[in-house]
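User: I am new to this structure and would like to learn how to read it. Could we take a few features in turn?

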Amino acid sequence: DGDFILVLDGDEYIEHENEWQRLRKSLRETDVVAIQFSVKNLMPDDQIMAADRMWQTRVIRNHPRIRYTGRVHNQIDDAVREYQVATGMRVVRVDCEVVHTGYALNPEQMKSKYAPRLDLLRYEYENPRSVMLQAYYGYQLGVAYYVMQMFEEAAVVFNELDYELLTPQNAFYTHLLAAQTALKLKNGPMALVHCNSMLSIDQSEPVAFYTTGLALLMSRKAGDGMLMLLEAYNVNDGASGTIRFLLNPAQVLFTLARICGQIGLKDHQRIFSALYEKGTFDSQAVKSLIGSLKTNIVLAEFEVAHA
């Protein structure tokens, strides 16, 4: 019965008092129809991605014309836009972070979380109310298949989607999952196609370089693959607060150690492994190590090319 509705799930929280104060200040503005927050999805400690951030509409004006639609992953933004056009009111972003813990689960817990959604997502995808919603629910269906480790089914959906109908952030994420699905299916060329699309959308995300590195390695392009993995670490280390997919630096070191071992760089494997096992490491020391490894890779490729 209030003027506004705040949407928070049971596995979410707003941590800092000053963020609540910013929200209250925005609610006093009379021409606001909705407010967007930054939502940070926490990930398990042993995953390559430490967190996933995105902007979402989480406060809406309490009006009968602004209602959620859909059976699952319910949508509000179309209703907000229609009301905004009719009234001239604003959608604003507030520097307020919602922390979501619901994805910081082990694989079996994630399967249990997603299994009930599959039939609902299939229905929305196969019975679309618009081409835009079909693309959106296709993306969500692909996510569910990926989480359920149904990689063949995920690949079918990812390869038939019209990515132009997705928002840039959803298109990037879908290409990311499509590339990871292709890697699970040992399809390096298909992974590279989606990696190229990722990088064409956004070259500031370290996960794009990381996934491209894995795809190049699978395609037997070891030098280029290692250079991409090294770039992923560098981009991640200098990442700003606008990065959506922040990588877990320890897991990047673990991957670098494993790949160095596979391609015969035993000294670098030993050093990367020691840094990973230590658990704490100096960023500049790692960057110096990366610099020397890059030099070795480039020199080795030069020698092969001119042999």
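Analyst: Start with the word contact: two residues are in contact when they have heavy atoms within 4.5 Å of each other. The model here is a predicted one. In it, Phe 151, Ala 154, Ala 155 and Phe 158 of helix H6 touch Thr 174, Leu 177, Ala 178, Thr 181 and Lys 184 of helix H7. Sorted by class, the residues in this contact are six nonpolar, two polar and one charged.

User: How are H6 and H7 placed, and at what angle do they pack?

Analyst: An angle between helices is taken between their N-to-C directions. H6 covers residues 151–160 and H7 covers residues 168–184. Their axes lie 9 Å apart, at an angle of about 140°. H6 and H7 are therefore oblique to each other. The crossing of H6 past H7 is left-handed.

User: What is the angle between H9 and H10?

Analyst: Over 145 degrees, a pair counts as roughly antiparallel. Helix H9 (residues 206–218) and helix H10 (residues 222–237) cross at roughly 165°, and their axes come within 7 Å. H9 is therefore roughly antiparallel to H10. H9 also passes H10 in a left-handed crossing.

User: Which residues of H9 and H10 meet?

Analyst: On the H9 side they include Phe 209, Tyr 210, Leu 214 and Leu 217. On the H10 side, Met 226, Leu 229, Ala 232 and Val 235 are among them. By class, this contact has 12 nonpolar, four polar and two charged residues.

User: Now a single residue. Is Val 94 buried or exposed?

Analyst: Buried means under 20% relative accessible area. Val 94 has 5%, so Val 94 is buried. Val 94 belongs to strand S5, residues 90–100.

User: Which residues is Val 94 in contact with, leaving aside its neighbours within four places in sequence?

Analyst: They are Arg 22, Leu 23, Ser 26, Ile 35, Gln 36, Phe 37 and Trp 55. As for a distance across the model, the C-alpha atoms of Val 94 and Thr 295 are separated by 44 Å, and these two residues are 201 residues apart along the chain.

User: How many helices and strands does the protein have, and what share of the residues is buried?

Analyst: The protein has 13 helices and six strands. Of its 307 residues, 45% count as buried. Its C-alpha atoms fill a box of roughly 75 × 45 × 35 Å along the principal axes. Among contacts with a separation of 6 or more, 62% join residues 24 or more positions apart.

How values were computed:
Residues numbered from 1 in each chain as written. Predicted model: local features only at pLDDT ≥ 70, side-chain atom pairs only at ≥ 80, totals over all residues. Heavy atoms only, no water. Axes fitted to C-alpha atoms, helices over the stretch in contact; angles between N-to-C directions. Helix = DSSP H or I, 4+ residues; strand = E, 2+ residues; numbered from the N terminus. Parallel < 35°, antiparallel > 145°, perpendicular 65-115°, else oblique. Left-handed = near helix turned anticlockwise from the far one by under 90°. Nonpolar A, V, L, I, M, F, W, Y, C, P; charged D, E, K, R; others polar. Buried < 20%, exposed > 50% of the residue type's maximum accessible area, 1.4 Å probe, protein only.
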